[in-house]
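Dear colleague,

I am handing over the structure below, and my notes on it follow. Please read them beside the coordinates.

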Amino acid sequence: LIAVGLQVGAATATAFLAGRFTLGMGVGLAFVVEPTYVCEIAPAHQRGRYVVANEVAVCVGCLLGLQVGTALEDSSGDGIWRTAMMLGALPALVQLIFIFMLPESPRWLAL
């Protein structure tokens, strides 16, 4: 959410790139942590199914993001790119709301 705020509120290219870098680091971390977490909490006989479902959901999310960006491209206005960037905060906000309902990882409990 901080990275989205940096991008949307950017007045200079440097501030925008700082937001992009921060967002890239967060997404990269999520791409590593999410499948690991899903694998740790899933029952052994369904582990592969859950990890594949997670990866499919990521791909569908990327596809939907591209479609929204394409739809916004046809809109008029100079600041329409800021709308596209703000919409990127929605999945992060949903994750932030529901993260407190997730069970702790068994590996985390062992540490």
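**Notes on the model**

Threonine 22 has its place in helix H2, where helices (H or I, at least four residues) and strands (E, at least two) are DSSP runs, numbered from the N terminus. This is a predicted model, in which local features need pLDDT of at least 70 and side-chain atom pairs count only at pLDDT 80 or more, while totals for chains, interfaces and linings use all residues. Residues are numbered from 1 along each chain as its sequence is written, and side-chain values use heavy atoms, with hydrogens and water left out.

Threonine 22 is partly exposed, at a relative accessible area of 37%; buried means under 20% relative accessible area, exposed over 50%, and partly exposed in between (1.4 Å probe, protein chains only). When its neighbours within four places in sequence are left aside, threonine 22 is in contact with Ala3 and Leu6, contact meaning heavy atoms within 4.5 Å. From threonine 22 to alanine 53 there are 31 residues in sequence and 27 Å in space, C-alpha to C-alpha.

Helix H3 covers residues 47-73, which is 27 residues, and reaches 39 Å from its first C-alpha to its last, close to the 39 Å expected at 1.5 Å a residue; the expected span is 1.5 Å times one less than the number of residues. Its buried residues are Asn54, Val58 and Leu72, and these pack against helix H2 (13-41) and helix H4 (80-87). Asparagine 54 of this helix is buried because its relative accessible area is 16%. Again leaving aside neighbours within four places in sequence, asparagine 54 is in contact with Glu34, Pro35 and Val38.

For the protein chain as a whole, the secondary structure comes to six helices and zero strands. Its radius of gyration is 17 Å, well over the 13 Å that the globule rule gives for 111 residues, so the chain is more spread out than a compact globule; the radius is taken over C-alpha atoms, and the rule is 2.2 Å times the number of residues to the power 0.38. Along its principal axes the C-alpha trace spans about 50 × 30 × 20 Å, and buried residues make up 14% of the 111 residues. Of the contacts between residues at least 6 apart in sequence, 53% join residues at least 24 apart.
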